[in-house]
Amino acid sequence: MHDDDLPRIREDAATRLSGEALDTYSQDELTDRIALLETEIERVRAHFDKAADHRKFAETLFKPNPDPAGSD
């Protein structure tokens, strides 16, 4: 069995981060954390856009061509 065949773990890094207590962080640390998270959001959005473009291309490539003669 390959790793790709295994179910994904639902609790990823973002889920763990969202449950973390922020009380112990200074304002400077929180500012740094926000910048890091914004950078990660940009990275994920760029990957999402790339995947969407790839999917559109695949759908176009594999879309059945209509019968130009019009026969059924």
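Predicted model: local features only at pLDDT ≥ 70, side-chain atom pairs only at ≥ 80, totals over all residues.
Of the 72 residues in this chain, buried ones make up 1%, where buried means under 20% relative accessible area, exposed over 50%, and partly exposed in between, with a 1.4 Å probe and protein chains only. Residues are numbered from 1 along each chain as its sequence is written, and side-chain values use heavy atoms, with hydrogens and water left out.

The secondary structure comes to two helices and zero strands; helices (H or I, at least four residues) and strands (E, at least two) are DSSP runs, numbered from the N terminus.

Let me turn to the salt bridges, of which the structure holds three, each being a side-chain nitrogen of Lys or Arg within 4 Å of a carboxyl oxygen of Asp or Glu. In one of them, the side chains of Glu20 and Arg33 meet at 3.2 Å, N to O, and this pair links distant parts of the chain, with Glu20 in the loop between α1 and α2 and Arg33 in helix α2, 13 residues apart. Arg33 counts as buried, at 14% relative accessibility, whereas Glu20 is partly exposed at 33%.

Within helix α2, Arg43 forms a salt bridge with Glu40, their closest N and O atoms being 2.8 Å apart, and because these two residues are three apart in the helix, about one helical turn separates them. Arg43 is exposed, with 57% relative accessibility, and Glu40 is partly exposed, with 34%. Glu59 likewise forms a salt bridge with Arg55, at 3.0 Å between the closest N and O atoms; being four residues apart in helix α2, they too are separated by about one helical turn.

Finally, on the surface, Phe57, Leu61 and Phe62 form a nonpolar patch, a patch being made of residues with over 30% relative accessible area and no salt bridge, where like charges are joined within 9 Å and nonpolar side chains (Val, Leu, Ile, Met, Phe, Trp, Tyr) within 5 Å. Phe57, which is found in helix α2, is exposed, with a relative accessible area of 55%.

Note on methods:
Areas by Shrake-Rupley, 256 points an atom, 1.4 Å probe, with all protein chains shown as cover.
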